[in-house]
Amino acid sequence: MDSRYRHKKYRIEREVLDEQGLEALAQRKPYAETQPSIINQLKDSMRCNAAKLKHGVLSTFPVFYWLPKYSVWDYGMPDLISGISVGIMHLPQGMAYALLASLPPVFGLYSSLYPALIYFFFGTSRHISIGTFAVLSLMVGSVTERLSPDADFLKMNGTNVTIEVDIAARDSYRVQVAAATTVLGGLIQVLLGLVKFGFVGMYLSEPLVRAYTTAAAVHAVVAQLKYIFGVSPERFNGPLSLVYTLKEVCFLLPQTHLPTLAVSVVSMVLLIAAKELNSFLSPRLPVPIPVELITIIAATLVSNYGYLNRKYTISVVGEIPSGLSSPIIPDVNIFSHVIGDAFALALVAYAISVSLGKTFALKHGYQVDSNQELVALGLSNTVGGFFQCYAVCASMSRSLIQESTGGKTQMAGIASALIVLVAILKLGPLFQELPKAVLAAIVFVNLKGMFKQYSDIILLWRSNKTDLMLWLVTWVSTLLLNLDVGLAASVMFALLTVIFRTQRAVYSILGNIEGSELYVDIETHKEAREIPGITIFRSSSTVYFANAELYLEALKEKSGLDVNKIITYKKRQEAKKKRMKKRDERHAKRLAKKEHNDQTAVFSVEVEDKTRRNTSMVMNGTEKEEQNWTDRENGTVFVKPNATDGQCRWECLKGGDPDNISLEWMPEQIDGDATTLSSKSEDTLSRDMERLSLGSLGKWTWDIHSIILDLSTANFIDTVTIKTMKNIFQDFSEIDIDVYIAGCQASVVQQLELGDFFSESITKKHLFASVHDAVLHCLDHRRYDSLVNMDNNTKL
């Protein structure tokens, strides 16, 4: 054996820190005893002082943290310019996205005003723009159309006795549905924020959110086709509604209203060209050109002075009331019908807002509180719902404009809200002749960025196939199952991928880096060397009920010791020893009655073995058994005699399957009742009988004396894992292998204590703070046996 594997190489002159050593070193009580009781924690939380009061006020109203430090000289002008730019964008987007929500355009302006004012006081992000967003507008639209379809508002026209839709009554009820859904979603967000459930948004990973918004963009495009082509398709809800709607639109294409289509195409061409020009000139422009606002102003003027509605029956926005509406209590009877949609809205709005907020916070060097963002967004939606707003969140396009134009704080949001307020109070009636086709074109062009997310497929194919599968499943389920059910299916699949990844954990045997206390995977680090006699086993993920059995199987495979089969072989050997003992007793009785004069010798296995051992002890003072060992190959080394042509030879069997090992190593005449051997010299016969006795007594060995389970990756332990660990300790102890645990966190140790893991046979002496401490203990504990085994291997 190489001298670098000698015991002294691993000896570090310091104390071995096991669990008890750590306690003695820190001179403290056990972990469980140092934790404050629930009563003491409650008392501490109820105590009030100036510091706690200040912290509570600042955490509830983050505006009081930065507003007293606000510098008008440094931040005033950038915030004003940024706010005006974003406010100008609010006007066309608010009215356009209101069509996605199946609401009158003025309610899109309301949704751009009130929530931004509320977020100013409670939000922690300084750069996101709160207001209407295409995905949320579409989700609200699916709810309003489901609960208030046109078929429920048909009325008889008295002039020509025809049936038509009562648009005023329908829109009024849809506003109530949207407001109730928004208030309920906001309350869910506030509740989640107060109980510190900000992490719930983490279940919506980036691939899931991007795939969801990409599929929602397809829904938005299909929803706007009726305004682009000027047709009136039947409304569908539920799974496959997208397919049915698209089929209906294609069926109605021969009935396309050509003037409406012409307005749509011209608007889209001008918007795309203007946006490309804007991107080209953006490095030279202090603020971007308000392309959408210029488009709706020009379209309104052309429609008004060209009489497009009267001459060509092009659908226009219609009456837009000026002034603000008074708050209205939402209809609580609607809550039971929209609770699932409200929860989906709450999650999607939070995931989009927090992801944008953290992106800008990382760029500009400040913190965003996830729980406070939930509260701020929830209050924005709740209060806004009372003023007939629908669900809002941070807008990607407006937030980028707010940040790129120099916005420093949420004072830019106040400036943008003032622009919207002026439009609601004074400019609303001026847009009554605006064609709806122009708003649909604005939605089409603004969704261009979402359609660029299809490039994620190529990137994920190269980087991570599991995330690619999540992206595709989310996209397909959202398209086919609609937005609410699709989101639920996507989250369920995301959780399944987590479970799948933990079950497909990487199990490894660790080796030591020479001259250090580092232990790494010997398969991936060629410089790592396994310590003789010690197997260090680690899983890349925590062990729990879903992968506990896989953990045990991997331990058997990596260590090369199938404990169950070894124990089975041991029991067979013990049973065989009992049978041979009974047979020897029968032989002894027969031999006592017979007298033999010829040279044929009859021996009892047990008697001969006992005679040899007694003679050896008398002559040499100790018993020496010569065993031939080979290098380790996959663990287990069984030692047993082999018989070929009636001659007993010694054989080393490595890594064998005890169930498949042939135990018929004695010739037939040896295994009979009368064991008769051919003539041999006394020395040869004695050696064969010694080896025969050793094999019959079921003695075997392997080159592992200790196993260290590295649990540094475990952050919790459940009852199934505790039972599995107990079985590991008990099974390996039956074959004289010590098991130790290293790297446990304090919480894991506490869970082991609560699960009654420790006993008289499994004590805290089996716990170590690190793998290296466990290795030092193993080498000290088995030093003599390790040196003997290494010497025997060196001789061979």
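Q: Which residues does S264 contact, leaving aside its neighbours within four places in sequence?
A: This is a predicted model. In it, S264 is in contact with Y227, I228, A437 and A441. S264 itself sits in helix α12, residues 258-281.

Q: What makes the S264 side chain and T260 a polar contact?
A: The pair of N or O atoms must be within 3.5 Å, with one able to donate a hydrogen and the other to accept it. A polar atom of the S264 side chain lies 2.9 Å from the backbone oxygen of T260. That distance is within the cut-off.

Q: Why is the D150 and R170 pair called a salt bridge?
A: The label needs a side-chain nitrogen of Lys or Arg within 4 Å of a carboxyl oxygen of Asp or Glu. The closest N and O atoms of D150 and R170 are 2.9 Å apart, so the pair qualifies.

Q: What does the pair of D150 and R170 tie together?
A: D150 lies in the loop between α8 (134-147) and β2 (154-157), and R170 lies in helix α9. The pair therefore ties together parts that are 20 residues apart in sequence. D150 and R170 also belong to a network of salt bridges with D171 and R174.

Q: How do you know whether R170 is buried or exposed?
A: The limit for buried is under 20%. R170 has 12% relative accessibility, so R170 counts as buried.

Q: What makes E292 and K275 a salt bridge?
A: Their side chains meet at 2.8 Å, N to O. The cut-off is 4 Å, so the label holds. E292 is in helix α13 (residues 291-306) and K275 in helix α12, so the pair ties together parts that are 17 residues apart in sequence. E292 has 5% relative accessibility, so E292 counts as buried.

Q: Why does the pair of D710 and R538 count as a salt bridge?
A: The closest N and O atoms are 3.9 Å apart. The rule asks for within 4 Å, so this pair passes. D710 lies in strand β12 (residues 704-710) and R538 in strand β8 (residues 533-539), so the pair ties together parts that are 172 residues apart in sequence.

Q: How many salt bridges does a search of the whole structure find?
A: The search finds 12.

Q: What is the label for D756, buried or exposed?
A: D756 has 56% relative accessibility, so D756 counts as exposed. D756 is in the loop between α28 (746-754) and β14 (767-768). D756, not a glycine, has a positive phi of about 55 degrees.

Q: What makes a set of residues a nonpolar core?
A: The residues must be buried, of the listed nonpolar kinds, and joined through side-chain atoms within 4.5 Å. The largest such core has 109 residues, and M139, I296 and L439 have the most contacts inside it. Helix α15 (residues 335-364) gives the largest share of this core, 16 residues. A second, separate core has 35 residues, including A554, A714, I722 and I762.

Q: Which residues form the nonpolar patch on the surface?
A: L191, L194, V195, F197, F199, M202, Y203, M492 and L495 form the patch, with about 900 Å² of accessible area together. Helices α9 (167-194) and α22 (465-503) each supply at least two of its residues. M202 sits in the loop between α9 and α10 (206-229).

Notes. Residues numbered from 1 in each chain as written. Predicted model: local features only at pLDDT ≥ 70, side-chain atom pairs only at ≥ 80, totals over all residues. Heavy atoms only, no water. Helix = DSSP H or I, 4+ residues; strand = E, 2+ residues; numbered from the N terminus. Contact = heavy atoms within 4.5 Å. Buried < 20%, exposed > 50% of the residue type's maximum accessible area, 1.4 Å probe, protein only. Patch = residues over 30% accessible without salt bridge, like charges linked within 9 Å, V, L, I, M, F, W, Y side chains within 5 Å. Areas by Shrake-Rupley, 256 points an atom, 1.4 Å probe, with all protein chains shown as cover.
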